[in-house]
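I wanted a quick look at one helix and at the charged pairs. My notes follow.

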Amino acid sequence: MSDQCTKGTNWGVVSIDDKNLCMKYNQSNIIKLPLKKVVNSNTQKNDIVLQLSTDDYGENDDMLCEVRFFIPPQEQKLKQEKDKKKQENEENQNSMEEEDEGADEDAEPTFQQKLQNEILTKAKIGQSSADSILTIHDVPLIVPRGKYTMDFFTKDIRFHGNTYQFTTDYKGISRFFLLPMPDEINLSFVIGLEHPFKQGQTTYNFLVMQFKKDFENEIKLKYSRQKLDEIGWKGIKEEYSGPLYDIVCEVLAEITGIKVVSPKNFKSKNGLFCLRCSVGPHSGFLFPLEKSLIYLQKPVLHIKHEEIKEVIFQRIGSTNLNKFFDVKIVYKNQNQLFSGIERDELDNLTSYFQQKKIAVRKLQDEVPHLPLDDSDDEEDDDDSRQKKKNKTNIDPNNLDSDDDDDDFHAGEDEEDGSESEESDEPESNSRNQK
């Protein structure tokens, strides 16, 4: 066994055998991963991303979940050029054959793609559809988005897309939901996962498929009745025909033993099984179910009734200006806000939570009208009455009265006072003369 590299080097040469994936620097191991722990491998730009199994660890344990290998594009080109030179030296053919081979070489996969294919093969991640029990092509997923091929094996399902591939163990599936969408054309089939998978920095706790109601298909299993009984699939038929969503639901429910849940009693004012609302900047649909709430689609949220502590209705004042209201669900140690629900759905949603015996509280956001103090009212009344009195009881003879002038000049300087006295004398004399 080679020594472990302790220099802190993070680059080297990757080698893969039947059991391990190793990256070495000067014959010393930088990292060594058992291939049986690799559950998924994807390519992202110049990276190869390995997702590792965490089944053997507890929830609070530290574990290695993901490893990324960066492959420099320049190194890939140099390696391709060396390979071409070797092939040109080894092959002795005429010019026409060499041109044809040159065209074939241009179409060859890159070193990154070759390494990715080798990892998939040695880790038995990308098994061919020929090895599967059942294969369904072009299954539309909206979370994560894309069209995938579903390969059913004895222990897991493997999804193969143009960019990503991921595997889901049957034991890691926790729940199924079949939800009729408001367009009345599509159905969403939701698969809940105990162990979420990652694509880059995004973690997926749910898979969401979307089927058209009228899309039918015929599927035939590759195993005979005897082989299906041997692996424990006694309830699985050899052939299926009908709507594709019905086939997928029936097969998964039979293999896992998990019941498919659909909305039943709750209906909106338009006769739908869901309510249009928003979570943050994204709009979606809230489905009130018998024992839980589920929201599609960014992000997919599932809240059980038993976890809900309180439901708070917001913006439900008496004014008719608010055409929408919000619902805050308080559960566990967090809360979730569903905003922009039509006001006409308030009564339906209230009765739904009351029937489920969930505490409901209503908040009014309108600012109440605060009455003025009684003393202030009395003072204002007195002031207004006094003003009215002054206006109505005005004596026209007092408009130019001497008393007012005397009062006005009382505080003036002596010079002003003397001038006023002199000016008043002729007026008094003229009156006496009259």
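**Charged pairs and a helix**

I started with Lys-356, which is partly exposed because its relative accessibility is 25%, and exposed would need over 50%. I keep in mind that this is a predicted model.

I then looked for the partner of Lys-356. Glu-290 forms a salt bridge with Lys-356, with 3.3 Å between the closest N and O atoms. The two sit in distant parts of the chain, 66 residues apart. Lys-356 lies in the loop between α6 and β24, and Glu-290 in the loop between β18 and β19. Glu-290 is also partly exposed, at 30% relative accessibility.

Next I checked Arg-361. Its salt bridge is with Glu-310, and the closest N and O atoms are 2.6 Å apart. This pair links strand β24, which holds Arg-361, to strand β21, which holds Glu-310. I noted relative accessible areas of 36% for Arg-361 and 22% for Glu-310.

I looked up Lys-237 too. Its side chain meets that of Glu-250 in a salt bridge, 3.6 Å from N to O. Lys-237 is in the loop between α4 and β15, while Glu-250 is in helix α5.

How many salt bridges does a search of the whole structure find? I got 12. I also found a network of salt bridges linking Asp-47, Glu-66 and Arg-68.

Last, I turned to helix α3, residues 111–122. Its 12 residues should span 16 Å at 1.5 Å a residue, and the end C-alpha atoms are 16 Å apart, so the two agree. Gln-112, Leu-115, Gln-116, Ile-119 and Leu-120 are buried in α3. They cover an arc of only 135° around the axis, so they lie on the same side of α3. Just after α3, I found Lys-124 with a positive phi of about 60°.

Note on methods: Residues are numbered from 1 along each chain as its sequence is written. This is a predicted model: local features need pLDDT of at least 70, side-chain atom pairs count only at pLDDT 80 or more; totals for chains, interfaces and linings use all residues. Side-chain values use heavy atoms; hydrogens and water are left out. Helices (H or I, at least four residues) and strands (E, at least two) are DSSP runs, numbered from the N terminus. The expected span of a helix is 1.5 Å times one less than its number of residues. Buried means under 20% relative accessible area, exposed over 50%, partly exposed in between (1.4 Å probe, protein chains only). The arc is that of the directions from the helix axis to the C-beta atoms. A salt bridge is a side-chain nitrogen of Lys or Arg within 4 Å of a carboxyl oxygen of Asp or Glu.
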